Structure formats: C-alpha cells, structure tokens
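Please keep the view open while you read them.

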Amino acid sequence: MLGWELPPFNSGGLGVACYQLCKSLAQNDADIDFIIPYHAEHDIDFMNVIPAMPQDVALITKSGLAYDSQKFSYNNGSTTELSIIDQYYVYSQSALAIAKSKKFDVLHAHDWLTFRAALLIKQQIDCPVILHVHSVESDRAGSDSGNEIVKEVEETAMMMADEIIAVSEHTKSKIIEDYNIPEDKIQVVHNSADSTVVTNDQLDNSYKFLLEMKKYGYKVVANVGRLTVQKGLPNFLKSARRVIDVCPKTYFLIVGSGEQFQELVDLASELGISDKVVFTEFQRGKKWRDAFKVADLFVMPSVSEPFGLTPLEAIGFKTPSLVSKQSGVSEVFKNCLKVDYWDIDEMSNLIASAISSDALLEELTNRGYDEYQLMSWQDSADKMTNIYRRHLTLAEASR
Amino acid sequence: MSNTKSIVLYLHVHQPFRIRHYTAFDTAINSDYFDSPYDSPASNEQVLKKVTAKSYIPTNTILLRLLNRYPDFRFSLSITGTVLEQMERWAPEALRSFQELVATGRVEIVAETYHHSLAFFYSMSEFEIQVKMHEDKVQKLFGSKPKVFRNTELAYNNDLAKWAEAKGYTGILAEGWDPVLGWRNPNFVYRPAGTQNIALLMKNYKLSDDLAFRFSDKNWSEWPLTASKYIKWLESSKDSSNINLFMDYETFGEHQWADSGIFDFLEHLPSEWLKNDQHNFRTVSEVIEQNEKVDDIDVPNTITWADTERDLSAWLGNPMQNTAINNLYELTDKIHETKDLQLIEDWRKLQTSDHFYYMCTKYFSDGDIHAYFSPYDSPYEAHINFMNAYRDIVYRITQKGIDIDG
C-alpha cells in the first residue's frame, strides 16, 4: 500500500482514514506493507510501515505538516530540504525500488502524491493497481482551476488503474466529471468512524476561557481543519457575523493553519467580530480533542469535501454538527444539520437556531451518537477485501 | 524682531510593554501577557537592555558632556511612563543617566500620556487619568512639572489644543505638515486656532527626518551627512526664529547605529551651531516664552508624525486595528467597576499605541519601517496575540462578578 501520512504525523483526514482502514483490513487477514515518504516511530503493530528513501539517504524527517517540506539527511552527513513536488518524484522512485524487492498481490495507492509511484510500478511489475481517491484536485482547489501537474497525474493514473475507490458518491461523480472515467470502474467505499467511549470531562478543557464563558450562557461554535479554500471558512465567518447579531453570546473557535489564515483574520476584523472569533493554530492531541469537546456545535462548511471525517470525530465527543451538503460525510451521517456551502442565509439560520435550542442540540447529540456507535470501519474493510479478492481471481485467471 | 535663531531639539523616549506569544490556551489561565522569554523578540527586558546599551547610555553620556561643555546647550525630552517603569526594573543606570541630564536644569520634560496611548480619541476621562499619572511619575523621578504637552505620535487637532490650554499648558507640539501650514514654514511659534494663550510648535519634518530616517541611507544623495553640512542647511532657512527638530530618542544608536557616525554627528552639532553668536539652543517652553506667536494654525482633522499620510492610519487604518481598539475601550466602564488596580493597569498597558502599529498592514509586503519595529512575524500574529490577551481581560472582569454584557 502506498500512502503519504499516518497518525500521529498526519495533517488531516487522509492519514486517519488510511490508518483505520488498514487496521480493519488486518483483521480480515490482509498482510500490508505500507510505504510512506518519511521516517517516524509509529505505534503500529498490524502492518509494516516502510519509509521510502533513496539509497544515499539515511533519514527523512518531516518538518511541520504533511504538505510541508521534508528534511533529507544523507549518508555522507549533508542535509537538504525538499519541497512537496520534489518529494513526490523522490518517493515514486524509492517506492518502485521497494516494490521490486517484494512479493505482493495487489497494489493499493492513496491519493495523487502516490499515483506516480503506482504508474511506475504498474509499468514494471504486472500487478493489479487500485487507486484510492480521498480527494481530487478540483476539490482541493476550491473555485481555482487547480494544479495542472496534479491533474495530469490523476487523469493518467486513473485511466490505467484496474480499479478506483472513491470515498463518497460526491467524489465518484467528481472523478467522472473531471476525468471522464467510466462509472463501472469506480466503487464507493465510504470512510467511517470507529466509535470509542470518550469521557467528555468538561472541567479539564484546554480552552479555559471558552469554558468559563459558557457558565455565563455563551455558546461555542467550532471548526477544525486546514485553512484553505476548499474548507469554505469565509462563508462560515459571514454566517458568524449574522449569528452574533441575533445571539451575541456566541464564540467561534477556528482551529487550524493554512494559506487562508491572513485572509480569515482580516475578514473577522472587517466583519467586526474579532472579539468573538478565537483563532488557534493547527493542534494535535488533547488540544485537538478539546476543541470538539468545548463546542456546542461543530460546523464543516466545506465548498467540496470528498469525505470529511471531522463531523464524525465531533459526534464521538458528543458534539453535534452542521455539515455542507457538498461533502461525502453528508451521504452517510444522517443525524446532523445540512446546508449548501454557499447558502449563508441558511447557514446562519441553522447555527443560530441550533445554539438557541438546547432541545435541538440534545436531540442531535443523542441520535447522532447512537448512529455513530453503529458505525465501523469493518464494513469498509469488508468491501475492500472483496475487491482485493476479485482482482486476485482475475489475475489468477489471466495467468 | 531679533535675528537670533534657536534649535529646539526634542527627543521622545518610549518603549511599550510588548505582548508575548499569547495563545487561546493562555486566555483565562495566565495573565502574564507581557512576560516573554528573554530570548524572544518580544522580550521587553531584552529590548530595553539592548536599547540601553546601544542608545540610552552612549547618547546620554554625550548629551551630558555637551551640557557640561556648552552652557548654552539645552533640549527637551518626553519619556513615557512605560519606559520609565521598564528602566526602574531592568536598567536603573539608564534612569539615573536621564535624571543627571534633567538635574542640569537645562533639560525640560514634556507632558504626555503615561501609557503612550490614543485615549484622547476614545475616552476623555481615561486620557486625563493617564496624563495625570505621567505627571506624577515625572514629578517623582525628576522633580519637575511639565508645562508643554505632546500627544502620542504627535496626534494633534484643534480640540486637543483647546483641551491643553484649559489645563494650563503653555505649549503643545505637532507635525509641521505642509497642507496645514500652507505657505508658511514651521520655523516660528504659532497659535492653535480658537485658543488665546497656548503656543503651537511644529516639527520641521524635513530637517528632523534627515537625521531620524535618512542619516545612514547610503542611497541618499546627501550621504554622508556631517554636522557642518547640516548646520549650513539650518542657516540657509533665513526666514525662521526656531527650528524644531523633533524625533525619537532612539534615533541615536538604535534607529541609526553607532557605525553610521550618528554619535559623532551629535557630538559636533552644538559647536558647529554655536559658531554664530546669533544662534542658540532652547527648550520648548523657553522658545515659547521668548517669541511672539506669529499666526493661527487651524487643524480640524487629526494629524500625526507618521508615514506619508500623516494621519492615524498606521494605528487605525485597517479593521483589525479598529476592532481591537474599539473592543478595548468598550471595557472602560466595566474595568473601572472592578477597582482591581492590577487589572486596570494591564488594560492600560494594552492601550499603548505600539500594539496597534504592529497590526498595520500598510506596506506589510514591502517589509518596511513598520516591520522593522515589530517583534512579530506578521500583523495577523500581532492581532491574534492582542485579542487573546483582550479576552483574558474580559475573563478577569467576569471573575469579579461583573456582567460583561450588562
């Protein structure tokens, strides 16, 4: 399996989805070598995590997030920083070398950064190649046209792949629309959530100010995610302005980093709500969990979200969500509020209505949590296992 | 009219209490907004010690020597309460050196707000408290009572002049901005429109900025600038009684580094100027006493000494700045209700204009003078640190049982 990140060295949902899917696949007796582009100590015992590195490189360390530069330390002691595109080329050569040294039945590659490697391997080793599409370039680019190099590799790889897995119907139709791939070649395997029992210990929250203000009747509306065009946060802030007009006792918490950071800080000021919008950088661990916990409502306003795990993570902490209809998760998660990302009127209305009605929040929480309890990655893993089996049979038959 | 010509040198000494990297996770937990680790660019102690070594001590050494050597040498200083507090804590030797200057009787201290704030534009009562606090501090440390007023950033308009006259000040300082002066030049004593007794001294920004901004600029056609060349420029303005050289004190050794030759320049300025026996130095109140007011100056809209706009846009030019300062002053009544002196003082330290200057996005991309003075990577970071500290102030008010929305 070819991937780009795994928790806790992930910047978002991709790493989590790969981790959870592989964990469940391992329970179905899949024997997985997972090739990633860096060195790190992962606490993983259900598969082999293998760093892809050129022969003369001793160590690759991540600096910052998954989409930042990485530091290559060579055997001769020198070091260099590589950009994301450089890493992408280095990774494909190294992954090919590893693939040549291994025996395997199916190659399963996650998202465009690994697709060039998949193409090279397909060329040199005749094996079934399954591409797992967690997002396509037009999702990530929002209203922009996107990166042509990325679109090229996505298109080429998808054309040659034996099978394409889309994380949602939303993504499947994007693939058909953007790359003209035959519908029959694409299977939807939804992401999921593994319900865990959490204690929502409200007294021990990192966001002490928000916690304190809740005692005075304030509500907290949160978003956790990268600050990029795809995530639709300007509309969220515009809605926040309207919500504060009718519900002044509301704080908005925005947890994340990204290229829209400055624009969003500016916008909050222009809207005159800087006192009510709390920005933090990207967080991990407790501060990440506490953002969900302290919120009365989680909002995922994405312009285009192939899946979008955060609302499921939120309900895991017993926080209900408002999600954009342009997301994969809205296909599978029923007990949440839904809105078109562009409909600021309705977004404001739903946020204000939810935080003004404890009954509504409670119902969304209880019903959503019940639904979440029934979710499992095992269903997704079972679907994947069947797909693997079919390709094995096909490969067997054509030999 | 006599032919005497005075240099009115006025230096402004100020350091803010910079806010540390203060996150949402500090709000409501730590109220130590101003305590950066020593190695951080926002460390007030580190900056003060650096400026003491590079600027205050070497400059005061020269100034004291000049005062001893030339009985006619004299000048004026404004020193904010925030920098005085910092000197008391971290550089008592710097404070002593200023006290030695004032003890000569030829260095006049100018009045201003203790916290270097823009309170005049937001809360008159708060403004007056801060002016009084500064007066008390100056009285205590220097044993003198200021007679001439300068507002933060030389922010000035007719209303401020009327206020200063009513408070009994004999003079007030402003930028000698051409659109305000019209055909006139800044080198005389003027009267603010609508006042009787108070005098207005206007900065000769060209000659002041030759030192404050251009002195070390090797691309400047006049570089290098010597004291004798500079004095020729001062002499060439025949139509003048007083040349008002107003600038940041830190021009000497901090904005213009020692290796630029700025200290040699300062050392030679008095001897070059005093070669002509019609020339002298005067403090701000002396030049006001000794000269007639030649005309009225009308300034209905606020002017300052900053940027090419000479308005408040460096502090209040974008929504981040406006929302931050409005939010802060909206707390005025509630904060006084708490009667918590430490809380009120922290709130006042957030009023220091520098915090809003750090949020300035004008020319942000050019990495200009605004960026040079900011301890933060971007105006956005400055804004976020500030708002997190602001929310901690809100939290502390609520902890006193005061309804923040009531």
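1. A word on terms to begin with: a residue is called buried if 20 or more other C-beta atoms lie within 10 Å of its own, exposed if 12 or fewer, and partly exposed in between, with C-beta atoms placed from the backbone. Helices (H or I, at least four residues) and strands (E, at least two) are DSSP runs, numbered from the N terminus. This is a predicted model, in which local features need pLDDT of at least 70 and side-chain atom pairs count only at pLDDT 80 or more, while totals for chains, interfaces and linings use all residues. Residues are numbered from 1 along each chain as its sequence is written, and chains are lettered from A and ligands numbered from 1 in the order in which they are written.

2. Let us start with helix H7 of chain A, residues 208-215, where Lys208(A), Phe209(A), Leu210(A) and Met213(A) are buried. Their cover includes strands E10 (219-224), E11 (250-255) and E12 (277-280) and helix H10 (285-294) of chain A, along with H17 of chain B. Just past H7(A), Gly217(A) has a positive phi of about 90°.

3. Now for the place where the chains meet (two residues are in contact if their C-beta atoms, placed from the backbone, lie within 7 Å). Chain A gives 21 residues to this contact and chain B gives 23. On the chain B side, helices H12 (319-330) and H17 (379-399) each supply at least two residues, and H17(B) has the largest share, with nine. That side has twelve nonpolar residues (Ala, Val, Leu, Ile, Met, Phe, Trp, Tyr, Cys and Pro), three charged ones (Asp, Glu, Lys and Arg) and eight polar ones (the others, Gly among them).

4. Do take a look at strand E7 of chain A, residues 129-133: five of its five residues are buried, so the strand is largely enclosed by the rest of the structure. Val129(A), Leu131(A) and Val133(A) lie on one side, with Ile130(A) and His132(A) on the other.

5. What flanks this strand? E7(A) runs parallel to strand E6 (107-110) of chain A, joined by four bridges; strands pair if DSSP finds at least two bridges between them. His110(A) has His132(A) as its bridge partner, and Ala109(A) stands opposite Leu131(A). E7(A) also pairs in parallel with strand E8 (163-166) of chain A over four bridges, where Val133(A) partners Ala166(A).

6. Finally, E6(A) is covered on both faces, with Leu107(A) and Ala109(A) buried on one side and His108(A) and His110(A) on the other.
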